[in-house]
Every structure is written in structure tokens, then in C-alpha cells.
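Subject: Structure handover

Hello,

Here is the structure I said I would pass on. My notes on it follow below.

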Amino acid sequence: MLEKIKDLYTENIQTQISASRLLPETIVEATTKLVSCLLRGNKIIVCGHGRSYANAQFLVANLLNRYELERPSFPSVLLTIDSAVGSAIVSDNHITTLYQRQFNAIAQQGDILVALVPNSGDESIINVINCATNKDVEIIALTGANDDHLQGLISENDLEVQTPAIKESRILEGHLFIINALCELIDHTLFTQSG
């Protein structure tokens with residue numbers, strides 16, 4: 001078991017080293033998009049499905065409450081499954097429309113959709129991405145190395161932040177790091193005085 005734990009650490013560290021070479025500029029670009037969205041008075045809409053739902057919740061908690069700095073809340077919305085809203089939508093419609101209906105009700109031009117998409121074939125998230133494209137809402141997609149399911153769905157105005165891993169557990173760990181980095185950079189950009 002100790003060898004297995006060491007292997008897991010090694011796998012995680014190797015993924016993070018690869019990400020540290022590939023993603024810094026993309027994370028800066030994502031931060032710039034999110035800061036611009038907030039400064040113009042728009043909101044950040046976040047969705048994730050399956051295991052990514054927890055990371056989506058974490059991002060919204062950091063935006064609405066705080067990350068490390070005490071500061072005003074940022075307008076952000078989690079497209080939800082674990083509520084009466086989610087239950088009612090799934091009861092009356094196909095599961096793939098769960099987030100789509102919520103998104104269509106609240107999204108406005110100028111908002112940003114942050115979609116956590118670690119693996120292919122999640123039709124409920126693909127439907128939201130299609131809705132965002134139709135409403136002219138920018139998309140920041142957090143993906144993994146097996147991202148062929150997004151080909152042709154996101155435009156040149158959108159942004160993909162691709163964790164360099166195929167294994168879902170490593171992708172989710174990478175996404176959590178990216179979420180923390182985005183939150184820290186947003187706070188730093190908006191609330192740190194240069195000296």
C-alpha cells in the first residue's frame with residue numbers, strides 16, 4: 001500500500017509539473033476574462049457534472065463568499081442538481097436538459113460560463129455549452145487531455161484550460177488547482193494595491 005501511495009503522489013506531481021509548463025498563460029487569460037466580466041457587472045455561471053460538480057461548488061463558494069481575502073461577494077451562480085430545482089427539472093424532462101433550462105433562464109450576454117468537463121460524453125454539459133454559444137456567452141472550459149468531445153463546440157473567443165492528464169482523478173486534482181489559482185489571481189488583480 002505504501003508503494004501505491006508513492007505512485008499516486010508521483011503521478012500527481014508529474015501532472016502538475018506538466019501543467020506548470022503548459023498552463024500559466026492560459027490561466028492568466030482565463031483570469032483576465034473573469035475579471036473583465038466582473039468589472040462590467042456581469043456574472044460567472046459555473047457547471048460541472050458527476051465528480052466535477054464538487055469542484056464547481058467549490059469555485060462558486062470561493063467567488064460568492066471569499067477565497068483568502070475579505071472582500072465583497074462576486075456575482076456567480078452554480079447550475080445545480082441537488083435541490084428541488086434539479087429534481088423538478090429531471091422529473092419533467094430528460095436529464096440532459098438539467099443545466100440547459102437553468103442556464104437559459106439566467107444567462108445574459110456578457111456573462112461567462114465556466115464548464116468543468118473532465119471527460120467526454122457528458123451531454124448535459126455539452127447542451128449548456130451549445131446554449132452559451134447561441135446566447136453569445138463566453139466559455140471557459142476546464143478539460144483533460146481527452147478533450148475531443150469539445151472540438152467544434154467552443155469558438156476562438158472561448159478558452160480551454162486543459163489539464164495534461166487522461167485519468168479522471170488527476171484531471172479533477174488539476175482542476176482544483178486551477179480553481180484555486182483563478183480565485184487567488186482574481187483577488188490579487190482586484191484588491192491588491194501596488195506599492
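Contact, as used here, means heavy atoms within 4.5 Å. Helices (H or I, at least four residues) and strands (E, at least two) are DSSP runs, numbered from the N terminus. Buried stands for under 20% relative accessible area, exposed for over 50%, and partly exposed for what lies in between (1.4 Å probe, protein chains only).

This is a predicted model, in which local features need pLDDT of at least 70 and side-chain atom pairs count only at pLDDT 80 or more, while totals for chains, interfaces and linings use all residues. Residues are numbered from 1 along each chain as its sequence is written, and side-chain values use heavy atoms, with hydrogens and water left out.

Helices H3 and H7

The buried residues of H3 pack against S1, S2, helix H5 (98-106), S3 and H7. These buried residues are Ser 52, Tyr 53, Asn 55, Ala 56, Leu 59, Val 60, Asn 62 and Leu 63. The expected span of a helix is 1.5 Å times one less than its number of residues. For the 13 residues of H3 that gives 18 Å, and the end C-alpha atoms are 18 Å apart, so the two agree.

Helix H7 runs over residues 168-191, 24 residues in total. From first C-alpha to last, H7 reaches 34 Å, close to the 34 Å expected. Its buried residues are Arg 170, Ile 171, Leu 172, Gly 174, His 175, Ile 178, Ile 179, Ala 181, Leu 182, Cys 183, Ile 186 and Asp 187. They pack against three helices, H1 (2-22), H2 (24-39) and H3 (52-64), and against strands S3 (112-117), S4 (138-143) and S5 (159-162).

Salt bridges

A salt bridge is a side-chain nitrogen of Lys or Arg within 4 Å of a carboxyl oxygen of Asp or Glu. The whole structure has nine of them.

Arg 71 and Asp 187 form one, with the closest N and O atoms 2.7 Å apart. This pair links distant parts of the chain: Arg 71 is in the loop between H3 and strand S2 (76-78), Asp 187 is in helix H7, and 116 residues separate them. Both Arg 71 and Asp 187 are buried.

Glu 11 and Lys 167 form another, at 3.2 Å from N to O. Here too distant parts of the chain are linked, with Glu 11 in helix H1 and Lys 167 in the loop between S5 and H7, 156 residues apart. Glu 11 is partly exposed at 27% relative accessible area, and Lys 167 is partly exposed at 40%. Glu 11 and Lys 167 also belong to a network of salt bridges that includes Arg 170 and Glu 173.

Lys 6 and Glu 3 have their closest N and O atoms 3.8 Å apart in a salt bridge. Both lie in helix H1, three residues apart, or about one turn of the helix. Glu 3 counts as exposed because its relative accessibility is 52%.

Surface patch

Met 1, Leu 2, Ile 5, Tyr 9, Ile 13 and Ile 17 form a nonpolar patch on the surface, with about 710 Å² of accessible area together. Patches are made of residues with over 30% relative accessible area and no salt bridge, like charges being joined within 9 Å and nonpolar side chains (Val, Leu, Ile, Met, Phe, Trp, Tyr) within 5 Å. Accessible areas come from the Shrake-Rupley method with a 1.4 Å probe, and for residues only the protein chains shown count as cover. Tyr 9, in helix H1, counts as exposed at 57% relative accessibility.

Loop residues

Asn 42 is in the loop between H2 and strand S1 (44-48). Asn 42 counts as buried because its relative accessibility is 11%. Its side chain makes a polar contact of 3.2 Å with the side chain of Arg 40; a polar contact is a pair of N or O atoms within 3.5 Å, where within protein one must be able to donate a hydrogen and the other to accept it, and residues adjacent in sequence count only if both atoms are side-chain atoms. A polar atom of the Asn 42 side chain also lies 3.3 Å from the backbone oxygen of Gln 109.

Leu 153 sits in the loop between S4 and S5 and is buried at 18% relative accessible area. Leaving aside neighbours within four places in sequence, Leu 153 is in contact with Ile 126, Ile 129, Asn 130 and Thr 133.

Asp 136, in the loop between helix H6 (123-134) and S4, has a positive phi of about 60 degrees although it is not a glycine.

Regards
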